[in-house]
Amino acid sequence: MNYAFGIMINSWNVQGGSKEKLSSLEHMLSSSYANLLVLQEEGAPGTTGFKKGNDVEIGGRRYICISASIDYTAENLRCSTAIFAEEILRPHIVGTGEYIPEVRRPICYVDLAAGVRVATVHATANVSSSVLEIKNGIGWLDLDAPSNGWILTGDFNSCPGDYPLHIAGNPQIALSANKSQEIPYAANSIGGICFCNMLFDANPTQGRAGDRTNYYDFIFYRSDPGFAVLNINNRIVRECRTHGCMDFMCGSCTNSGNYVSDHNLIQTMVYM
């Protein structure tokens, strides 16, 4: 299939204060493709974080906050989510919104003219809650997203190994890093099994003071066959960065500068 254009989806748990931190991404964003920034814990909207309609310049390119949601179930309003679109992407965006299930974390999303929904979520920091939240969110996307599919990325506060779930009559699948694969995530009311795709990096993505130990940030998606997902990058964000290298291969970046967040930036190339 021939695709019309490509975008880089950049997912990052900022841990608050995005107004001061987004400049750290300057040398990490794509210069060849349009960028979407999907942010978790982006800050309190209007003070340390952004509100819908705000814009910001990163590396000489303008980004507009096109979707934002305050998480009123969180103890700190920094735990809001937001999606920024690079200005050149605006003609491709046909809708924005949020899904707020009862007593659940909100899902922030944008709909693209290609018939694809891109969404993000910051799940509850408790795996017994977060897995159910993600299952329900995926179920909602299956029912509500445009015809060509959806992409869900974010801080899931659960690991790839927590999916697929054990389902009666369906053995656990052996998961592989850096490889997109179909997984069962739920059984429906008539006993059938629901599937979606998962893609995660082999390296951990979260942990305090640079000691990454958890695999919390990755991607789920379904494509019928409206787009292609072609790899995932897991990148440390540092204040010292002066060039766009691959973090786990660069000694100068690994051993210098301050960590901007306890979470790494997760980047996925998508062709539509």
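Here is a short tour of the structure, stop by stop.

**Before you start.** This is a predicted model, in which local features need pLDDT of at least 70, side-chain atom pairs count only at pLDDT 80 or more, and totals for chains, interfaces and linings use all residues. Residues are numbered from 1 along each chain as its sequence is written, and side-chain values use heavy atoms, with hydrogens and water left out.

**Stop 1: the sheet.** Color the strands (DSSP runs of E, at least two residues, numbered from the N terminus, just as helices are runs of H or I with at least four). You'll find an open sheet of seven, ordered β3-β4-β5-β2-β1-β14-β13, with mixed pairing; two strands pair if DSSP finds at least two bridges between them. Its edges are β3 (55–58) and β13 (228–235), each pairing on one side only.

Now select β13 and β14 (residues 265–271): they pair in the antiparallel sense over six bridges. Ala228 stands opposite Tyr271 in β14.

**Stop 2: Phe5.** Phe5 lies in the segment before β1 (6–13). Beyond its neighbours within four places in sequence, Phe5 is in contact (heavy atoms within 4.5 Å) with Leu89, His92, Val270, Tyr271 and Met272.

**Stop 3: the cores.** Next, select Ile7, Leu36, Val118, Ile151, Phe227, Val270 and Met272, which have the most contacts inside the largest nonpolar core, a group of 27 residues. Such a core is a set of buried Ala, Val, Leu, Ile, Met, Phe, Trp, Tyr and Cys residues joined through side-chain atoms within 4.5 Å. Buried means under 20% relative accessible area, exposed over 50%, and partly exposed in between (1.4 Å probe, protein chains only).

**Stop 4: charged pairs.** Which residue forms a salt bridge with Arg61? Select Glu86: the closest N and O atoms are 2.3 Å apart. (A salt bridge is a side-chain nitrogen of Lys or Arg within 4 Å of a carboxyl oxygen of Asp or Glu.) Arg61 is in β4 (residues 61–69) and Glu86 in β5 (residues 81–86), so the pair ties together parts 25 residues apart in sequence. Arg61 is partly exposed at 22% relative accessibility, while Glu86 is buried at 3%.

Finish with Asp55, Arg62 and Glu87, linked in a network of salt bridges; within it, Glu87 and Arg62 meet at 2.6 Å, N to O.
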